[in-house]
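Try each task before you read its solution.

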Amino acid sequence: MAKMKSLVCRECGKEYPTKDIHVCELCFGPLEVKYDYDEIKTTISREKIEAGPKSLWRYIDLLPVEGQPTVGKYAGFTPLVRAHNLGAYLGIDELYIKNDCVNHPTLSFKDRVVAIALTRARELGFETVACASTGNLANSVAAHASSAGMKCYVFIPGDLEAAKVLGNLIYRPNVIEIEGTYDDVNRLCSEIAGERRWAFVNINVRPYYAEGSKTLAFETAEQLGWRAPDQVVVPMASGSLLTKIWKGLKEFEKLGLLDQVNTKVNGAQAEGCSPIATAYKNGRDFFKPVKPDTIAKSLAIGNPADGYYALKTVSESQGAMDSVTDDEVVEGIKLLAQTEGIFAETAGGVTIGVLRKLAKQGIIKKHDVTVAYITGNGLKTQEAVIDSVGRPIRIQPSLSHFTKKFELEEPA
Amino acid sequence: MAKLRFHIRYPEEKIPDPILYEIGQEFNVITSIRRADVRETTGWLDVEFTGEVDEIDNAISGLRDKGCIVDPIELNIVE
């Protein structure tokens with residue numbers, strides 16, 4: 001079944017074959033995958049999906065690969081947690097946390113996009129994969145490349161924290177520290193991608209890579225009992241994730257897997273890097289690049305590639321955007337941990353902080369079925385909360401000390 | 001000869017200035033605008049530069065010296 005028709009320019013509509021290209025040669029607009037929905041409709045069904053593997057590959061009919069998965073076979077299908085306690089705290093009757101903290105194998109939503117990118121890269125004949133990253137993406141590419149036996153190059157800024165470098169080195173890729181600014185890293189990687197016959201996951205195979213994010217929407221709808229939520233709250237870095245969640249829901253609607261999609265898509269950013277949310281607040285359809293300054297490093301993209309499309313999506317779905325301070329990020333991480341037992345990284349704190357704001361402002365209402373996307377595990381960014389979680393209670397090794405400390409009654 | 005593609009953003013106060021023309025005069029590069037949006041308060045161009053790599057680098061530095069933000073056509077790719 002030829003489910004992929006072409007790559008199509010999001011700006012001028014010019015079509016290209018489904019190869020390793022990402023920019024329109026004519027207008028330099030970004031390319032995305034165009035599917036043959038009439039063909040897909042003849043084979044896809046709720047029953048077929050439910051009988052599929054317990055991974056994101058149960059949605060293979062809507063993913064940009066030609067054959068069977070060869071990399072990242074266990075990614076996705078993470079829990080959709082009914083958040084009774086957090087919902088009660090925020091005044092939302094039916095709140096869910098889509099918990100990608102436990103994604104396989106590297107505990108972030110990047111395992112989804114990398115599984116797709118590397119499977120497609122192999123189909124396109126690549127033996128080497130690469131990425132430019134400061135954290136989660138590098139971990140995921142290195143881990144998947146290791147299991148797939150592919151050569152791997154990870155480019156990182158020279159001043160990256162030791163713990164994050166270690167998270168890459170353990171998989172033994174080629175880790176290249178670039179002496180220079182963030183802009184220098186960006187420019188060099190773009191040029192290397194143009195020179196080498198490598199699959200740079202977020203450059204020349206980006207049209208396929210980005211499609212992996214749709215699986216968060218597919219899983220949400222299925223796990224809700226084939227319903228679309230009323231509201232979703234999505235963290236924004238490049239803005240791609242938000243646009244793909246909307247695309248995923250609309251694809252299910254188009255194929256008759258969902259009756260109607262009236263979901264409001266809401267975007268969340270940290271104030272220290274909020275070009276998209278700021279544009280939304282100012283009523284603009286364009287954003288101004290910023291120099292990031294926030295603890296939410298995994299969202300710190302100052303000139304986001306999909307910022308314009310994220311603004312468009314939020315407008316189309318009648319959603320909203322907001323941002324939170326670093327203190328509110330920490331509060332958000334603690335609130336989620338202390339109500340639902342989920343320890344999220346700083347991006348999760350951003351999502352919960354904005355969820356809280358939108359609920360308080362009445363944008364998310366009591367009866368709205370709401371899903372918040374938690375995209376990475378808190379063990380990766382422990383430094384963000386280390387000074388705000390208190391210390392253990394220290395006692396002498398005696399029962400009386402313990403009883404006295406906690407003002408407990410002596411057992412009868 | 002290399003061909004490199006960039007996204008160039010103008011600061012608001014520079015929008016009336018013929019910056020790309022000046023760059024073409026100051027450096028030995030050919031510029032080809034493929035997409036652009038220039039308004040009262042914002043302006044960006046997607047441009048292909050053709051020339052020797054060192055000369056393109058000099059032209060990019062020149063743009064930055066004039067206050068422009070210059071990124072690869074893919075914008076920020078360090079995720």
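Two residues count as in contact if their C-beta atoms, placed from the backbone, lie within 7 Å. This is a predicted model, in which local features need pLDDT of at least 70, side-chain atom pairs count only at pLDDT 80 or more, and totals for chains, interfaces and linings use all residues. Residues are numbered from 1 along each chain as its sequence is written, while chains are lettered from A and ligands numbered from 1 in the order in which they are written.

**Exercise 1.** Describe the fold pattern and contacts of chain B.

Step 1: Helices (H or I, at least four residues) and strands (E, at least two) are DSSP runs, numbered from the N terminus. Chain B holds two helices and four strands.

Step 2: Now take the contacts in chain B between residues at least 6 apart in sequence: 67% of them join residues at least 24 apart.

**Exercise 2.** Find out how helix 10 of chain A is covered.

Step 1: Locate the helix at residues 240-254; from first C-alpha to last, its 15 residues reach 21 Å.

Step 2: Call a residue buried if 20 or more other C-beta atoms lie within 10 Å of its own. Eleven of the 15 residues in helix 10 of chain A pass, so the helix is mostly covered. Among them are L241(A), W246(A) and F252(A).

Step 3: Look for the cover, which includes helix 8 (206-211) and strand 11 (264-270) of chain A.

Step 4: Past the helix comes G256(A), with a positive phi near 80°.

Technical notes
Expected span 1.5 Å × (residues − 1). Buried ≥ 20, exposed ≤ 12 C-beta atoms within 10 Å, placed from the backbone.
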